[in-house]
Protein chains: 6
Amino acid sequence: MSTEPKPVCRYPVPDVVDLPEDLRDRILEVQHKAGFVPNVFLALARRPAELRAFLAYHDALLLREESGLSKAEKEMVIVATSGANRCLYCVVAHGAILRVYAKAPRLADQLATNPLKAEVTPRQAAMLAFALKVALDAQSITEADYAALREQGWDDEDAWDILSIAGLFGLSNRIANAISLMPNEEFHLMGRLPRTKG
Amino acid sequence: MSTEPKPVCRYPVPDVVDLPEDLRDRILEVQHKAGFVPNVFLALARRPAELRAFLAYHDALLLREESGLSKAEKEMVIVATSGANRCLYCVVAHGAILRVYAKAPRLADQLATNPLKAEVTPRQAAMLAFALKVALDAQSITEADYAALREQGWDDEDAWDILSIAGLFGLSNRIANAISLMPNEEFHLMGRLPRTKG
Amino acid sequence: MSTEPKPVCRYPVPDVVDLPEDLRDRILEVQHKAGFVPNVFLALARRPAELRAFLAYHDALLLREESGLSKAEKEMVIVATSGANRCLYCVVAHGAILRVYAKAPRLADQLATNPLKAEVTPRQAAMLAFALKVALDAQSITEADYAALREQGWDDEDAWDILSIAGLFGLSNRIANAISLMPNEEFHLMGRLPRTKG
Amino acid sequence: MSTEPKPVCRYPVPDVVDLPEDLRDRILEVQHKAGFVPNVFLALARRPAELRAFLAYHDALLLREESGLSKAEKEMVIVATSGANRCLYCVVAHGAILRVYAKAPRLADQLATNPLKAEVTPRQAAMLAFALKVALDAQSITEADYAALREQGWDDEDAWDILSIAGLFGLSNRIANAISLMPNEEFHLMGRLPRTKG
Amino acid sequence: MSTEPKPVCRYPVPDVVDLPEDLRDRILEVQHKAGFVPNVFLALARRPAELRAFLAYHDALLLREESGLSKAEKEMVIVATSGANRCLYCVVAHGAILRVYAKAPRLADQLATNPLKAEVTPRQAAMLAFALKVALDAQSITEADYAALREQGWDDEDAWDILSIAGLFGLSNRIANAISLMPNEEFHLMGRLPRTKG
Amino acid sequence: MSTEPKPVCRYPVPDVVDLPEDLRDRILEVQHKAGFVPNVFLALARRPAELRAFLAYHDALLLREESGLSKAEKEMVIVATSGANRCLYCVVAHGAILRVYAKAPRLADQLATNPLKAEVTPRQAAMLAFALKVALDAQSITEADYAALREQGWDDEDAWDILSIAGLFGLSNRIANAISLMPNEEFHLMGRLPRTKG
């Protein structure tokens with residue numbers, strides 16, 4: 001019914017074997033874990049220094065262990081803000097990761113479409129409201145927004161995590177939209193079935 | 001990880017057995033076909049005259065056989081405009097129907113998130129652009145919008161179908177959002193697996 | 001000074017005598033009462049099943065006797081939301097009906113232009129605020145919006161009336177704008193003179 | 001049905017007899033011609049120097065005889081931009097003046113609600129498009145906007161008239177909205193009846 | 001690096017010596033004080049009646065001695081609203097005047113870019129919030145906005161000053177943007193150096 | 001006139017001497033060159049891994065030698081998009097850098113306020129239009145936007161530079177706004193005087 005699958009993105013993508021060793025190793029590691037290479041690696045790899053910087057920022061925020069946000073909550077921030085920015089790649093790819101982390105097969109669809117309807121706690125709703133304001137109207141943030149977070153138990157370090165993750169995906173949503181980055185087919189289904197491992 | 005499932009909607013819903021016979025029969029027929037009762041029936045059934053009118057309008061547009069739009073294309077209009085209106089129920093429920101009709105497991109996620117990235121033909125892209133203008137900025141429609149449709153082979157009757165479907169979901173998206181109508185769990189997965197029947 | 005009158009709409013309209021009997025009877029009844037056939041009947045009558053469904057939904061909401069909204073208040077919802085949607089037909093036609101029902105010759109102009117300046121009670125202002133949020137930003141409605149209605153004495157059934165009427169005119173405003181439906185000349189003056197009967 | 005009439009505006013208004021002689025004379029002259037004192041005079045008269053400046057700017061633009069715009073066309077610019085700015089006073093008062101000048105009883109309702117549906121010539125439509133861009137998005141005006149005017153026979157002096165009138169009502173719409181200036185009852189009906197003189 | 005300087009504006013400007021005596025005198029007086037003729041005088045002088053009216057309104061508001069706003073506070077209103085309207089001439093010219101009046105070399109850059117980040121008192125922040133609502137959303141102003149002013153010690157006469165200044169620059173921002181009025185080079189630096197006199 | 005200077009940002013900032021050696025060296029190098037430590041270093045340094053990643057991305061894009069954009073053109077992209085995002089820190093800091101690189105003392109004020117009025121070449125105007133679409137509406141980018149770049153001689157690698165820089169400042173504008181990062185006083189004046197070295 002629909003047309004041929006679109007390419008990874010509107011730019012040519014390099015062969016993994018031609019990449020610098022550090023990136024090749026990282027990509028092969030991801031491929032080993034996930035069973036496929038997420039397209040964002042291929043798209044950004046054409047400029048190795050930029051991919052390295054993106055991954056470093058990504059890891060600094062998302063792998064940071066001492067965070068007050070759980071891994072699933074970080075993905076909730078990503079899916080909600082990427083939905084607000086209408087970024088197909090990030091909604092589908094991080095929606096998949098969220099389903100796996102949260103073991104909540106409906107949550108990503110809810111957050112991507114309308115976070116106000118999502119099955120989340122009031123504390124998570126406050127986190128999402130702050131993240132969406134960073135994504136859509138950061139110029140209007142005031143101390144009142146931090147106070148609303150504190151009322152739900154989020155401190156200033158948590159706020160930094162939220163605003164930085166929303167900021168980083170402000171970057172990647174823009175790049176992905178501008179280059180028409182398509183999500184891998186695998187992401188659409190991942191985490192939707194009872195025993196999917198992701 | 002996430003909270004308890006939300007109820008069908010913020011209003012109490014009637015028991016199917018208590019409904020007028022015509023509605024009960026219609027609902028049981030749907031249940032027989034789909035395996036479950038879509039929540040929109042339950043939510044609107046509390047006002048039988050309104051549900052009857054909604055179904056009559058729905059059927060007049062979506063079951064109309066002589067249309068220049070295929071059944072899948074009508075669902076594409078619904079998913080894209082419901083995504084633009086951020087209506088969780090319609091995105092998930094009609095996304096499922098679209099996957100089944102179009103045998104295209106990724107298409108609904110694409111249309112709901114960013115129709116410009118969807119794997120559709122140029123003719124379908126013109127249909128979607130017109131539908132989205134009806135949904136988001138109908139006040140600005142001029143003859144130039146009809147001309148853009150004609151360039152892709154859509155005539156005035158097709159345009160009427162598109163604008164009426166986008167209009168009808170302008171209604172149902174608003175009601176569903178206002179009453180917090182939740183999609184049935186079944187819709188999230190329907191049509192995503194190779195052999196799913198919907 | 002201005003140009004020739006525009007046609008009823010950009011689509012050809014059928015002759016009333018050629019319509020199915022039920023629609024012909026309904027239209028002749030309206031003509032008998034109002035002295036003319038409102039253009040919306042002519043425009044939608046080219047697709048009898050759709051006109052029937054529209055009238056059924058219209059009647060279910062606007063003729064519903066047990067409503068907590070008066071007939072004039074329902075028209076206030078229509079005029080304010082149609083003004084927000086910049087729908088010429090609905091502003092002028094329902095503005096006329098509102099003037100007649102409310103015996104308030106200035107009220108329709110106020111509501112269509114800027115509802116915040118309209119001469120209404122605080123209770124009606126709450127009704128209008130809810131209706132306008134349904135029309136313009138239904139995705140953001142939360143329980144706080146229902147609470148604001150309750151503070152002014154509107155219960156959940158009243159809320160359903162308001163949201164459904166705003167929703168239905170979300171549909172008809174979009175269709176009327178898309179097909180350039182023009183109001184009958186008679187509507188512009190109706191209810192503006194002390195003894196006009198409408 | 002509706003509430004008590006609102007006052008002239010949210011500020012107290014002076015007695016005409018207490019005004020400086022020049023303003024008193026001007027107001028009495030208007031009253032003599034129109035049969036009543038338009039509320040804008042009363043509202044602004046509390047600061048005589050400001051009313052004088054406003055009238056001077058108004059007269060310089062609207063009474064300018066050598067203009068390429070007719071008096072009715074200038075009022076078309078005012079009504080369309082005031083509708084876009086949702087200014088009740090200016091829509092109703094200048095709508096009345098437009099009906100009288102243009103002998104077109106429906107034109108003001110059309111322009112205030114949706115200028116794209118108004119019964120105007122293509123040349124007037126180009127004038128209105130430019131005026132609306134000045135009103136709503138002046139920051140984006142480029143030479144292409146002047147070229148679109150020229151294509152319809154409007155030269156740079158006409159453009160200056162249009163942009164200055166749209167600019168002046170950018171001022172008066174903001175003041176009228178901010179002080180809740182109400183139109184005189186007389187304006188609502190003026191020019192709607194075959195023999196009304198205005 | 002950049003291109004040739006742009007002209008004063010897209011319209012030809014008159015020679016000062018050819019202007020009516022009152023305008024010539026006013027312009028020479030300004031030139032004597034400032035060391036140059038601000039471009040707005042040259043641009044508007046092509047229509048002497050309009051320049052006279054503009055200057056009369058400007059003087060009535062900005063030279064009004066009994067105002068509750070200081071001269072610097074009036075310029076703060078102008079710079080913040082002109083920034084919101086993205087008016088290059090008014091941001092740069094009135095930014096210079098503000099720097100001189102307030103002896104605050106950073107304040108104009110702050111207000112033009114994001115007033116929420118500006119180094120102002122809470123009282124001034126309330127003034128700016130009201131002014132920005134007049135500039136960007138006057139249609140939504142209600143008594144609650146006046147109450148917020150009163151909480152910070154601004155009375156109704158102060159509110160009139162704020163709304164009128166924001167209104168007047170609603171006019172001049174639109175004209176300046178539409179005619180591409182460029183600020184004089186001198187304004188960019190004025191008031192930035194410790195001993196600049198302006 | 002204005003209030004006390006605001007702190008670097010709403011978060012405490014570390015002492016440079018306490019930072020990891022690589023960051024301390026980098027900061028001291030910048031301080032040596034510029035004469036002061038730009039506040040963004042202090043603000044982000046509280047999370048060394050994040051600052052390292054940000055600087056790596058920044059350097060990969062802005063120090064990339066083979067780019068088709070000059071250093072000044074890259075700063076033009078930054079100032080225009082940061083103005084659109086109303087980011088005080090980035091407008092003032094990168095405005096200073098742009099003035100120094102471009103030897104164009106007015107250009108930064110123009111780009112931050114209204115890029116359409118800036119004294120740039122048509123080729124640079126196309127670059128800015130693409131950058132602003134990435135910043136404000138990346139979801140709507142299509143091949144037509146790349147074609148508009150190509151018409152002005154920008155190839156796909158240049159497009160990648162533009163979209164990535166606009167994307168990166170989509171990130172830093174959001175963080176700076178959210179944490180209320182203030183520009184160093186020195187930036188406001190830098191590059192405005194004939195012999196300033198920056």
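A polar contact is a pair of N or O atoms within 3.5 Å; within protein, one must be able to donate a hydrogen and the other to accept it, and residues adjacent in sequence count only if both atoms are side-chain atoms. By this rule, 22 residue pairs are in polar contact across the interface of chain F and chain A, both at pLDDT 80 or more. The model is predicted: local features need pLDDT of at least 70, side-chain atom pairs count only at pLDDT 80 or more, and totals for chains, interfaces and linings use all residues. Residues are numbered from 1 along each chain as its sequence is written, chains are lettered from A in the order in which they are written, and side-chain values use heavy atoms, without hydrogens and water.

Helices (H or I, at least four residues) are DSSP runs, numbered from the N terminus. On the side of chain F that touches chain A, two or more residues each come from α2 (39–44), α3 (48–62), α7 (122–137), α8 (143–151) and α9 (156–178) of chain F. The most come from α9(F), with 14 residues.

Contact means heavy atoms within 4.5 Å. Chain F gives 40 residues to the contact, and chain A gives 40 residues. The buried area is about 3,800 Å², with 57% from carbon and sulfur atoms. This is the accessible area (1.4 Å probe) lost on being put together, summed over both parts.

Ten salt bridges are counted between chain F and chain A. Each pairs a side-chain nitrogen of Lys or Arg with a carboxyl oxygen of Asp or Glu within 4 Å. One of them joins R47(A) and E157(F) (3.0 Å, N to O).

Chain A and chain D do not touch; their nearest C-alpha atoms are 20 Å apart.

Notes
Buried area is the accessible area (1.4 Å probe) that two parts lose on being put together, summed over both.
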